[in-house]
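The sequence and the structure come first, and the description follows.

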Amino acid sequence: MRSRRDFLQKITVSAIGLPLIQRYDTTGIQNFIHPSTQNKVLRVAIMGLGSYGTRVADAMQSSEKAKLVGVVSGTPSKIKDWQSKYNIPEKNCYNYENFDRMKDNPDIDAVYVITPNALHHDQVIRVAKAGKHAICEKPMAINAKEGQEMVEACKQANVKLLVGYRMHFEPKTLEIIRMRKEGAFGKVLFFQGLSGFRIGDPNQWRLNKELAGGGAMMDIGIYSINGARYMVGEEPIWVTAQETKTDPVKFKEGVDETIMFQMGFPSGAVASCLSTYTMNNLDRFFLNGSEGFAELQPSTGYGPIEGRTHKGKLTQPHKTHQTVQMDEMAAIILEGKQPVVPVDGAEGVKDLKIIDAIFQAVKAGKKVEVQV
Ligand code: NAD
């Protein structure tokens, strides 16, 4: 396989007279980058040093274009540990009270917010006001209104907002998208998404509506929503949804345990999905068209992702998702690179509009129209 550097193809001239490098990446996307930004590294602070924050920090050690340089945490002992593990200078360490001061720190370019869902909104807006680009974990907020406010705050501050959709850079996923675009599946007719796991500790924030904004749907069901959109290649126009609860003590009011939902797309394609906190072994996407099919199982776990189509097994090699994601996101922020599937704030708001509609459909017990 050709390396990243091999994709540099030719020098051309931009509309304003600056030389641009025309580059084709692994996905065939054409990008124009200024040579001045080509070797720049995105200097990132992680906010929220929990389990996923740690995974991202470890993966970033192998990143070519993104470097972990700072932290935001409410726990001084964790800051100390991270400082020694990742060689983070004292001047790049903040807590939740004082991180607005990052405004005066020229050594941090972006903050990756990896805290409980309900905190993302205020934290991203503060990051934007501090003049830093924001990368925010999924779900970007707990409803579409909050998500839109984040998009607007970042626009106003002239910083970029990206959502941690790591699957948008996963090679087998991208191969299916490429095949669908070239018509390999014929007319796309049906998608099935199964997203779930059995959740443990009843006292964790994921089961607290105030912090999670919901239950399984916000956390894991969102993968089936997002996956349906990039696999089918359309935006849904309606949803229907049904909820079941076997344990109302663990899954309190507003914290969904299991939701089955269906989506309809403008072409007539339909999706049938399951989101649950009660069953393991549920990580599967299936796309069916008039001329063929694609299947991913596991479809969104940390990998390796496994898949096949009517043409055979998908063999694209696995690379740590978060390493690829950080390299790609650095290129988006620093070079204006266009990803195959968007990862910007507007993309995050679309998923939240669908989640809002699913919750509404559960309550109403009938079909709800969506406009994303
Ligand atoms: P976690 O509980 O392991 O970590 C959360 C961190 O936030 C902890 O360090 C905690 O101390 C900190 N925190 C700050 N304020 C807090 C508060 N008021 N209450 C509780 N904790 C607080 O959770 P996690 O699994 O790392 O998830 C964090 C975010 O990352 C969530 O939005 C989740 O959806 C997302 N996530 C994404 C992926 C992915 O594959 N993209 C995977 C896991 C988690």
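## Backbone geometry in the loops

Pro 298 is found in the loop between β15 (293–296) and β16 (307–309), and the peptide bond that joins Gln 297 to Pro 298 is cis, with omega at about 0°. The model is a predicted one, and the angles given here are to be read with that in mind. A cis peptide bond also runs from Lys 138 to Pro 139, with omega near -15°; the place of Pro 139 is in the loop between β8 (133–136) and α4 (144–156).

Asn 87, which lies in the loop between α2 and β6, has a phi near 60°, a positive value in a residue other than glycine.

## The parallel sheet

An open sheet of 6 strands has the order β6-β5-β4-β7-β8-β9, and its pairing is parallel. The edges are held by β6 (93–94) and β9 (161–163), each of which has a single partner strand, so one side of each is left without a neighbour in the sheet. At the β6 end, strand β5 (residues 66–72) and β6 run parallel and are joined by 2 bridges, with Val 71 standing opposite Cys 93 in β6.

Helix α1 (residues 51–60) packs on this sheet and touches β4 (42–47), β5 and β7 (110–113), its direction making about 160° with that of β4. Helix α2 (residues 76–86) likewise packs on the sheet, where it touches β4, β5 and β6, and its direction makes about 160° with that of β5.

## The mixed sheet

A further open sheet, of 9 strands, has mixed pairing and the order β17-β16-β15-β14-β10-β13-β12-β11-β18. Its edge strands are β17 (312–313) and β18, each of which pairs on one side only. Strand β11 (residues 238–244) then pairs with strand β12 (residues 258–264) in the antiparallel sense over 7 bridges, with Met 260 in β12 as the bridge partner of Gln 242. Next in the order, β12 and strand β13 (residues 270–276) pair in the antiparallel sense over 7 bridges, and Gly 264 stands opposite Val 270 in β13.

Helix α5 (residues 171–181) lies across β10, β14, β15 and β16, running at about 165° to β15, whereas α7 lies across β10, β12, β13, β14 and β15, running at about 160° to β10.

## The second largest pocket

The elements that give two or more residues to the lining are α1, β10 (188–196), α7 (216–232) and β14 (282–289). By class, the lining residues of the second largest pocket divide into 12 nonpolar, 15 polar and 7 charged.

The largest cavity holds about 60 Å³ of space and is lined by Lys 138, Gly 164, Tyr 165, Arg 166, Met 167, His 168, Ile 222, Tyr 223 and Asn 226. This lining draws at least three residues from each of domain 1 (18–165) and domain 2 (167–319 + 344–369), and its residues divide into 4 nonpolar, 3 polar and 2 charged. Lys 138, listed in the lining of the largest cavity, is also the residue from which the cis peptide bond to Pro 139 runs.

The second largest cavity has a volume of about 30 Å³, and its lining consists of Arg 166, Phe 169, Glu 170, Pro 171, Lys 319, His 321 and Val 324. By class, these residues are 3 nonpolar, 1 polar and 3 charged.

Note on methods
Residues are numbered from 1 along each chain as its sequence is written. This is a predicted model: local features need pLDDT of at least 70, side-chain atom pairs count only at pLDDT 80 or more; totals for chains, interfaces and linings use all residues. Side-chain values use heavy atoms; hydrogens and water are left out. Two strands pair if DSSP finds at least two bridges between them. Helices (H or I, at least four residues) and strands (E, at least two) are DSSP runs, numbered from the N terminus. Contact means heavy atoms within 4.5 Å. Axes are lines fitted to C-alpha atoms, for helices over the stretch in contact, and angles run from 0 to 180 degrees between N-to-C directions. Ala, Val, Leu, Ile, Met, Phe, Trp, Tyr, Cys and Pro count as nonpolar, Asp, Glu, Lys and Arg as charged, and the others, Gly among them, as polar. On a 1 Å grid over the protein atoms alone, a cavity is a set of points where a 1.4 Å probe fits but cannot get out, and a pocket is an open set with protein on both sides within 12 Å along at least five of seven lines; lining residues have an atom within 4 Å of a point. Grid points are joined across faces, edges and corners, and a volume is the space filled by probe spheres set on the points. Domain bounds come from an automatic or database domain assignment.
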